[in-house]
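Please keep the sequence and the structure in view while reading.

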Amino acid sequence: TQVINFNKYLFDECKGLYYHNWYSQEKSNGVAHWLRCNGWVAMAQAELIQQLDNEHPQRAELIGLLQRQIIGFARYQDIDKPDSYLETSGTAMFIYAVAKAVNEEWIPRTYLPVAEDGWQGLMKKVTPDGQLMDVCIGTGMRENIKFYYTRPTALNDFHGAGAFLLAGSEMIKAYRKQGKE
């Protein structure tokens, strides 16, 4: 129900992305298609699908919603705000969701380059001693778009560590399936 409601209230059909928030009283979205919101939705969908029986009556619909989101964020694989930075936690979440969906054969293998390109970019954000750079700190909601793309970052912020590890594990699985290691 929650994933269906994400799609009912937050999905922007024109951009193929989710808005960060929904204002119930005004019955409207906020201003931002915030990266980590989209990442959390992608991860949540992948985790939900993983838990469903193959015969679940909404399984195909949920896979379709995840694929639709992947198509949407693949269009924006680089940033559309040149005065911002390339954020890593959302990137890791996208890599995880795409690689997991490919590895589980929910979507065609032709989507794997989306995860591979993200992974190559993400690897540039790891310091020589293994720390993850450019992780956006916690984010509230605002009606100023610049608030979202100028958020401060932290080294190894907890918002990015788990997603980074999950992305790496799915990329290892994907590379092993291809005979690469």
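The model is a predicted one. On this basis, the secondary structure of the protein consists of seven helices and six strands. Read from the N terminus on, the elements follow the order α-β-β-β-β-α-α-α-α-β-α-β-α. The radius of gyration is 16 Å, close to the 16 Å that the globule rule gives for 181 residues, so the protein is as compact as a globular protein of that length.

The overall dimensions may be considered next. Taken along the principal axes, the C-alpha atoms fill a box of roughly 50 × 45 × 25 Å. Of the 181 residues, 46% are buried. Among contacts with a separation of 6 or more, 63% are accounted for by residues 24 or more positions apart.

The packing of helices can now be examined. Two packed helices are described by the angle between their axes and the distance between the axes. Helix H2 (residues 35–51) packs with helix H4 (residues 88–103) at an angle of about 25°, and their axes are 8 Å apart. Angles under 35 degrees count as roughly parallel; H2 and H4 are therefore roughly parallel to each other. Their crossing is left-handed. On the H2 side, the residues in contact include Leu35, Trp40, Met43 and Glu47, while those of H4 include Met93, Phe94, Tyr96 and Lys100. By class, this contact of H2 with H4 has nine nonpolar, six polar and three charged residues.

H4 also meets helix H7 (residues 158–177): the two axes come within 8 Å and cross at roughly 30°. The crossing of H4 and H7 is left-handed. Among the H4 residues that make this contact are Ala92, Met93, Ile95, Tyr96 and Lys100, and among those of H7 are Phe164, Leu166, Met171 and Lys173. The contact of H4 with H7 has 11 nonpolar, four polar and four charged residues.

Is Ala74 buried or partly exposed? With a relative accessible area of 28%, Ala74 is partly exposed. Ala74 and Ala115 are 41 residues apart in sequence, and their C-alpha atoms are 9.2 Å apart in space.

Technical notes. Residues numbered from 1 in each chain as written. Predicted model: local features only at pLDDT ≥ 70, side-chain atom pairs only at ≥ 80, totals over all residues. Heavy atoms only, no water. Axes fitted to C-alpha atoms, helices over the stretch in contact; angles between N-to-C directions. Helix = DSSP H or I, 4+ residues; strand = E, 2+ residues; numbered from the N terminus. Parallel < 35°, antiparallel > 145°, perpendicular 65-115°, else oblique. Left-handed = near helix turned anticlockwise from the far one by under 90°. Contact = heavy atoms within 4.5 Å. Nonpolar A, V, L, I, M, F, W, Y, C, P; charged D, E, K, R; others polar. Rg over C-alpha atoms; globule rule 2.2 N^0.38 Å. Buried < 20%, exposed > 50% of the residue type's maximum accessible area, 1.4 Å probe, protein only.
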